[in-house]
Amino acid sequence: MQVLVTGAAGFIGSNAVDALLARGDRVRGVDAFLDYYPRAVKERNLRAARAHPAFEFVEADLVTAELAPLLDGVDAVLHFAAQAGVRASWGRDFRIYADVNVLGTQRLLEACTARRPRFVYSSSSSIYGDAPDLPTVETTLPRPVSPYGVTKLAGEHLCRLYAQSAGVPTVSLRYFTVYGPRQRPDMAFHRFVRSHLEGRAVTVYDDGLQTRDFTYVGDAVAANLLAIERGSAGSVYNVGGGSRVSVNDVLGMIGELTGRPVEVRREERQRGDVRDTHASTELARAELGWRPATALREGLAAEIEWLRGEIAAARA
Ligand code: UGA
């Protein structure tokens, strides 16, 4: 299969690229290297792929580039490219979120109307906001509490619309706080582990009793591969790790895995943060044959190992 991966240099995107290459697909990766975090980090994410003969890389911005050539010969699109980050999406920067997440997605979908490749959109648990019921099912009324969540929800609606009106077989996956190797540097586990390994206190927003259904990146990638084959056009699936854990419990686990208790500094609750998330994954199990396979402790150990390597490489 020839697969177009947008956001190919990012966290989940680069892990997906490696998985596709490993199973023998040809991959065209596209990335704009948005400055939300440093380009050097993203270049490292891409290092193995760039050396692979079945990988082609195009530096382009979905908001402005001519997209038809990117879709040449493509059987499936995995659309990860986005302006990420829940807490940073307020104020003036909202313009970037609207441009990248809404306009960029619409332009890509429009370009897909000619060939109609399988299309997997990276949505987010943040579209639910503070959901009234946990575990949350896909039919719950979406009520995002961050501007970021609003743009991801708009992207989802665009996907459903292009499935209905233009026959593009889109599938949206709502990921629940993905973690693991290459995690973005603004995200909780990355910040916690890096600070702790570097001998600094970690910053915990609020009381640390907020919970997340943390999802291992390998499981999120597996959901994408299954969605290409089995996702039903126009539908959405939750992709959650299967255990709801508090931030404080994660810190306890980091302490155990590193053999040293984590020192904590508290800050106030951040605007746009939801209190709790927990996915119902019945639909993904039934229709995609997907289930989370990596326990939190195991996945966290993999992220710690990766960050140890990153810190050592930066010092060398
Ligand atoms: C994450 C991603 O950043 C979003 O891109 C994604 O769409 C979203 O998951 C999702 O599931 O939809 P978030 O849940 O905020 O968003 O993920 P983390 O940054 O890992 O934060 C988890 C929790 O830790 C939050 O309550 C946050 O306030 C807290 N946190 C984060 C801290 O206490 N300290 C920090 O330094 C960072």
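Me: Which residues come nearest to the ligand?
Reply: This is a predicted model, so keep that in mind. Arg87, Ser124, Ser125, Thr177 and Asp273 come nearest, out of 21 residues around the ligand.

Me: How far is a polar side-chain atom of Asp273 from an oxygen atom of the ligand?
Reply: That distance is 2.4 Å. Arg212 also has a polar side-chain atom by a ligand oxygen, at 2.8 Å, and for Gln210 the figure is 3.2 Å.

Me: OK, switching to helices. At what angle do H7 and H9 pack?
Reply: About 60°, with the axes 10 Å apart. H7 covers residues 247-258 and H9 covers 296-315. Angles from 65 to 115 degrees would count as roughly perpendicular and those under 35 as roughly parallel, so H7 and H9 are oblique to each other.

Me: And is the crossing of H7 and H9 left-handed or right-handed?
Reply: Right-handed. On the H7 side the contact includes Val250, Met253 and Ile254, and on the H9 side Leu300, Ala301 and Ile304 are among the residues involved.

Me: How many nonpolar, polar and charged residues are in that contact of H7 with H9?
Reply: Eight nonpolar, one polar and three charged.

Me: New topic: the backbone. Which residues does a cis peptide bond join?
Reply: Leu134 and Pro135, with omega at about -15°. Pro135 sits in the loop between strand S5 (118-124) and helix H4 (147-166).

Me: Which residue has a positive phi although it is not a glycine?
Reply: Arg116, at about 50°. Look for Arg116 in the loop between helix H3 (94-112) and S5.

Note on methods. Residues numbered from 1 in each chain as written. Predicted model: local features only at pLDDT ≥ 70, side-chain atom pairs only at ≥ 80, totals over all residues. Heavy atoms only, no water. Axes fitted to C-alpha atoms, helices over the stretch in contact; angles between N-to-C directions. Helix = DSSP H or I, 4+ residues; strand = E, 2+ residues; numbered from the N terminus. Parallel < 35°, antiparallel > 145°, perpendicular 65-115°, else oblique. Left-handed = near helix turned anticlockwise from the far one by under 90°. Contact = heavy atoms within 4.5 Å. Nonpolar A, V, L, I, M, F, W, Y, C, P; charged D, E, K, R; others polar. Near = heavy atom within 4 Å. Polar contact = N/O pair within 3.5 Å; in protein donor to acceptor, adjacent residues only side chain to side chain.
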